[in-house]
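Please keep the structure on your screens while I talk.

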Amino acid sequence: MSAGHRVRPATSSDVDALLPLVLGYLAFYEVEREPGAVAAHLRARLDAGEARVLVAEASGSGPEGSEAVGFALAHPTWDTLELAPRWILHDLYVAPAHRRSGVARALLREMVAAARAAGASAISLETAHSNTAAQPLYESEGFERDLVYRTYHRELAGD
């Protein structure tokens, strides 16, 4: 990663700094959510330990000293085939002004390291077919496109 950036675990005290990034991530996928609901959801996941969130910060000259410029969010789960934990990387986003500076790669590497340290057997992610900017990064970091399993989803709202 370029000088002036660092990646660290996020806590619920980072929610306000992360909120613009999470909203940017949602906008990328054309999803609108009320900011207060997004902040409450993120805070609840962090407080309950249900998500591992990393924040990338750029050194700044302002009173806060740093600015959140990217985040990654994963959920630990279990893999019955491996009888071991598996992490699902749900979200990875970098503010447009900080793209192509190594921030996404650093977030990805730190998340893989955290999953490994927690004893996970694997880390999985999904991305939109149209997200061709991110796919080479994932592949260069050892992620392989699944050719064995087909993913299905069923929306439960309104059932």
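Helices here are DSSP runs of H or I with at least four residues, strands are runs of E with at least two, and both are numbered from the N terminus. The model is predicted, so to speak of local features we need pLDDT of at least 70, and side-chain atom pairs count only at pLDDT 80 or more, while totals for chains, interfaces and linings use all residues. Residues are numbered from 1 along each chain as its sequence is written, and side-chain values use heavy atoms, with hydrogens and water left out.

Just after α1, E30 has a positive phi of about 60°. The buried residues of α1 include L18, L19, V22 and Y25; buried means under 20% relative accessible area, exposed over 50%, and partly exposed in between, with a 1.4 Å probe and protein chains only. Among the elements that cover them are α2, β2, β3 and β4.

Now α2, residues 35–48. This helix has 14 residues and reaches 20 Å from its first C-alpha to its last. Which residues of α2 are buried? They are V38, A39, L42 and L46. These four cover an arc of only 95° around the axis, so they lie on the same side of α2; the arc is taken from the directions from the helix axis to the C-beta atoms. The buried residues of α2 pack against α1, β2 and β3, where contact means heavy atoms within 4.5 Å.

Last, L81. This residue sits in the loop between β3 and β4, and L81 is exposed, with a relative accessible area of 73%.

Technical notes: The expected span of a helix is 1.5 Å times one less than its number of residues.
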